[in-house]
Amino acid sequence: MALLDFDVKKNPAKAYAGMVGLAALLMIFPFFAAQFGNSWVRIIDMALLYIMLALGLNIVVGFAGLLDLGYIAFYAVGAYLTALLASPQFAILLESVINQYPVFGESLVQLMGPEIREHGIHLSVWAIVPLAALVAGLFGALLGAPTLKLRGDYLAIVTLGFGEIIRIFMNNLNDPINFTNGPQGINLIDPIRVFGVNLAGEAGTNSTVMVGGLSMPSVNAYYFLFLFLCLAVVFVTKRLQHSRLGRAWVAIREDEIAAKAMGINTRNVKLLAFSMGASFGGVAGAMFASFQGFVSPESFSLTESIAVLAMVVLGGIGHIPGVILGGVILASIPELLRHVVEPAQQALFGKVLIEAEVLRQLLYGLAMVLIMLNRPAGLWPSPKSEDRPDHDVDQPNQSTDVVSA
């Protein structure tokens, strides 16, 4: 990865040149990829959402060293909160409340207005995003509070259970009060609007977004929004990594007992790691719901949690560029195989021998095994300057049995 060296202090000319080149590539990519179909841009849109998730999980796993197998739960919290507050679902919820508790339900109707009973709440996604980050951060603290004394396998099991509890709740909170519409999911979620521009395209425009005098496909508009949010998350996580809090997380990761002996409040620092990581998951979930226009419990299974964790491990635990690389590879390559594997087999053998889904899972598992055997630190591991020194710098020199005068 020597070609992508962004260390401004070590080699500023090379770092700035790399940044400019990468920025130019990212700006022209959707217009180039759209020549081969909008599905290719959509794949990268989803990859950017997974990068946001992976960067949030990297705070918990990479910086603080806390193994979290239920991270997708915070993604679900952000997505379902958006679905409830930006779709007709709130009207269905209100109707079920009136049926079960008539007095309380009618009081809510009088308080909120009769139009909400008919159409639900349709808040702007930009009002929902900070709320999603706050609620997901609260859930992160709720997860972290009972796990403060757990480590390793025990922590992984508890977080795994938390993720499954959230998914099961989303699957069953449709009776007697319909919060989530159960297995059917919630649809008709409002698309994202930026300065009045509908990123899904206005009705009758065939998903074409007009910005001034320029037009672009809807997937391109979402690409630039998600890219901007990813850059914001990278900036925040980079600042956190080199802050006093970030150094406290690394101290806990290396030796929690020593960190506590040095005066670090490990309880609060761990809770902050869970909450901050969860808040990024909530934001990504809000974007996912608005982008898809539909959410259901199947999108937040244990497999998704493992996939996000694999992105962090594959790219390089604790290294932000490595996590981004892992997110791009594991989010996009499996989708690319869907478009390549079966047509290639049809051209070579005249028929499909192995279905794309089967081969995708096979290659996915094989890649993880090979990476862990050959590059256990990840494809783009953290440099020593960000991790720890090669030797104990405080170790005294060996005695020579010579006493100075």
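A: Glu95 is partly exposed, with a relative accessible area of 32%; buried means under 20% relative accessible area, exposed over 50%, and partly exposed in between, with a 1.4 Å probe and protein chains only. This is a predicted model, in which local features need pLDDT of at least 70 and side-chain atom pairs count only at pLDDT 80 or more, whereas totals for chains, interfaces and linings use all residues. Residues are numbered from 1 along each chain as its sequence is written, and side-chain values use heavy atoms, with hydrogens and water left out.

The side chain of Glu95 meets that of Arg117 in a salt bridge of 3.5 Å, N to O, the term being used for a side-chain nitrogen of Lys or Arg within 4 Å of a carboxyl oxygen of Asp or Glu. Because Glu95 lies in helix α4 (residues 89-100) and Arg117 in helix α6 (residues 114-119), this pair ties together parts that are 22 residues apart in sequence; helices (H or I, at least four residues) and strands (E, at least two) are DSSP runs, numbered from the N terminus. Arg117 is itself partly exposed, at 28% relative accessible area.

Arg117 also forms a salt bridge with Glu106, at 3.7 Å from N to O. This second pair links distant parts of the chain, with Arg117 in helix α6 and Glu106 in helix α5 (residues 102-112), 11 residues apart. Glu106, with a relative accessible area of 34%, is likewise partly exposed.

Elsewhere, Lys270 and Glu256 meet in a salt bridge of 2.9 Å, N to O, with Lys270 in helix α12 and Glu256 in helix α11 (residues 256-261), 14 residues apart. Both Lys270 and Glu256 are buried. Through shared partners, salt bridges join Glu95, Glu106 and Arg117 into one network, and a search of the whole structure finds six salt bridges.

Turning to the rings, a search of the whole structure finds 13 aromatic pairs, where rings of Phe, Tyr and Trp (its six-membered ring) pair if their centres lie within 6.5 Å, and planes under 30 degrees apart count as stacked, over 60 as edge-to-face and the rest as tilted. The rings of Tyr75 and Phe300 have centres 5.6 Å apart and planes at 75°, so this pair is edge-to-face. Tyr75 sits in helix α3 (residues 72-85) and Phe300 in the loop between β8 (294-295) and α13 (302-315), 225 residues apart, and both Tyr75 and Phe300 are buried. Phe226 and Phe291 form another edge-to-face pair, 5.5 Å centre to centre with 80° between the planes, which links helix α9 (residues 218-241) with helix α12 (residues 266-292).

Phe226 and Phe291 are also among the residues touched by Asp45, together with Val219, Tyr222 and Tyr223, not counting residues up to four places away in sequence; contact means heavy atoms within 4.5 Å. Asp45, in helix α2 (residues 38-63), is buried with a relative accessible area of 0%, and its C-alpha atom is separated by 8.4 Å from that of Asn220, 175 residues apart along the chain.

At the surface, Phe349, in helix α14 (residues 320-349), counts as exposed at 52% relative accessibility.
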